Amino acid sequence: MRSGLDNVVAAETVLSHVDGEAGRLIIRGSDLEDLAGHATFEEATVLLWDGVVPDAPTAELAAPLGHARARAFDRFRPLKNETRGLSAVEAMRLLLSSMPDGKRAEEPVALLAAAGVAAAFATRVSQGLEPIAPNPAMSHAADVLRMIRDKAGDAEEVRAFETYLVAVIDHGLNASTFTARVVASTAAGLPSAVVAALCALKGPLHGGAPGPVLDMLDAIGTLGNARAWLIDAIKRGERLMGFGHRVYRVRDPRANVLKVAVAKLKGRSNRIAFAEGVEAAALEALKELKSDRRLDTNVEFYTALLLEALDIPRAAFTPVFTLARTAGWIAHVREQEANGRLIRPQSRYVGSWPVQAA
Ligand code: ACO
C-alpha cells in the first residue's frame, strides 16, 4: 500500500501535466509561462474545456459567463442570512451547495459563474458587508475583483489577478481534483463534484495555505528574526506554509510566475524584499533540518503576496483559489464522466477477526 497514494496513477487526462523533477506545468499543450500573464481567464478556460466539456461555448465565453454571474447572484441573494456567522469558505460551500444536480444547473458556464459570484458574496458577508451585484459586461477577473473589494481594479491589478486565476486553473490529479473525479465517477452530478472538491481544497495542506503564509510573515515581523523563528517552528514539528509539495521536488513553476506578477504592482518592493528574505531563510532552514527531503517554495507563498497586494482579505484566499480551480474541476468531471469507471479502490483490513467458537 502507498500511503497518500504517492506516485499512484489513477487517471488519464489531456488537461494538465505536472513534472515534479523539472518543475514544469503543462496545460492543454502549453507551458504555464506561456499561458499565465498572456491569456485571459476566459481564454484559458476555453482552451482547457475545448473538446472535453461538450456543453460549453467553444469560442466567446465572456458574455455567457457575465449573464450567468447575474443569474447566480439572484440565486444567492435570498441565502444571505443563512451564510451569516460562517467563514468565507464555509459560506461559499453553502452557496454552491444550493446548485441542484439537474441538467440545467449542471451547465458548466452556470457553475463557473456561480463560483466567481459565491467567492465574492461569501467574502463580503463574512466581513459583515453587503454583497455587490455583478456587472455582466466586465471580464470575469475584473468583475470578481470588483465584487470582492467594492472597488474596480486598474489595468495592472486586473492583469495580476487574471495571471493568478490562470496560473492555478488546473494542476494534475491534486487532492481536490481527485475528489471531484471520485464523485463524478459515481454519476452524482457536476455541482456535487465541485462542492466536494471545494471541501478538499479548503484544508491548510492544500488550498488553505496562503492565509497562514501571511500569518507566518506577520509572526516573523523582521528579517533579523526570520532564521530563529523558522528553525524553532520546524523543531516544534510545524510545517512552513508555502513550502513543500507532493509532486514538485524543485521550485513550483507557479511561484515564479506569481512573483513576477506581484513585482509589477506599484508600491510592493519592500514587502517583496522582506518575503524574499524569509523565503531564502526558510529554504536554508529546511535544507539543514529536513535534509532527507527536497523541499522548495510552492505556489501558495507568492499567492499570498499577490492577493495581499490586491487588497483581497485573507479570508477570501481559499474562495478565490476555488473560483479559478472550478474551471479545472469542471473539465476533469466531464473527462471522468466520458471515459472513467467508478473509482473504487480496496483497503487492507488490519483489524481483529471474529473469535472462532471452540
Ligand atoms: N515544512 C516543514 N517540513 C515539511 C514541509 C514544510 N512545509 N513539507 C514537508 N515537510 C517534511 C515533514 O517532515 C514531513 O514529514 P512528517 O509528515 O513526518 O511531518 C515530510 O517532509 C513530508 O514530505 P513530503 O512527502 O514531501 O510531503 P507530503 O507530500 O506529505 O506533503 C505538503 C506535501 C502537504 C504540501 C507539505 O509539504 C506541507 O504540509 N506543506 C505546507 C502546507 C502548504 O504549503 N500547502 C500548500 C501546497 S500547494 C497546493 O496544494 C496548492
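Which backbone lies 3.3 Å from a nitrogen atom of the ligand? Select L205: one of its backbone N or O atoms sits at that distance from the ligand nitrogen. Keep in mind throughout that this is a predicted model.

**Around the ligand**

Stay with the ligand and pick R246 next. A polar atom in the side chain of R246 is 2.5 Å from a ligand oxygen. Now click N298, where a side-chain N or O atom lies 2.8 Å from an oxygen atom of the ligand. Taken on its own, the ligand has 920 Å² of accessible area, and the protein covers 81% of that.

Time to show the whole shell.

Colour the chain by domain: domain 1 takes 11-205 + 313-339, and domain 2 takes 210-309. The centres of the two domains, taken over C-alpha atoms, are 25 Å apart. Select the contact between them and you'll pick up 28 residues from domain 1 and 29 residues from domain 2.

**A stop at T83**

Jump to T83, which belongs to helix α4 (residues 80-83). Is T83 buried or exposed? Its relative accessibility is 1%, so T83 counts as buried. Show its neighbours too: leaving out residues up to four places away in sequence, T83 touches A91, L94, L95 and V125.

Most residues other than glycine have a negative phi. The last two stops go the other way.

Select L5, in the segment before β1 (16-19). Phi of L5 is near 50°, a positive value in a residue other than glycine. With 48% relative accessibility, L5 counts as partly exposed.

Finish at A187, in the loop between α9 (175-185) and α10 (190-201). Here phi is near 65°, again positive in a non-glycine residue. A187 has 66% relative accessibility, so it counts as exposed.

Terms used
Residues numbered from 1 in each chain as written. Predicted model: local features only at pLDDT ≥ 70, side-chain atom pairs only at ≥ 80, totals over all residues. Heavy atoms only, no water. Polar contact = N/O pair within 3.5 Å; in protein donor to acceptor, adjacent residues only side chain to side chain. Areas by Shrake-Rupley, 256 points an atom, 1.4 Å probe, with all protein chains shown as cover. Helix = DSSP H or I, 4+ residues; strand = E, 2+ residues; numbered from the N terminus. Buried < 20%, exposed > 50% of the residue type's maximum accessible area, 1.4 Å probe, protein only. Contact = heavy atoms within 4.5 Å. Domains from an automatic or database assignment.
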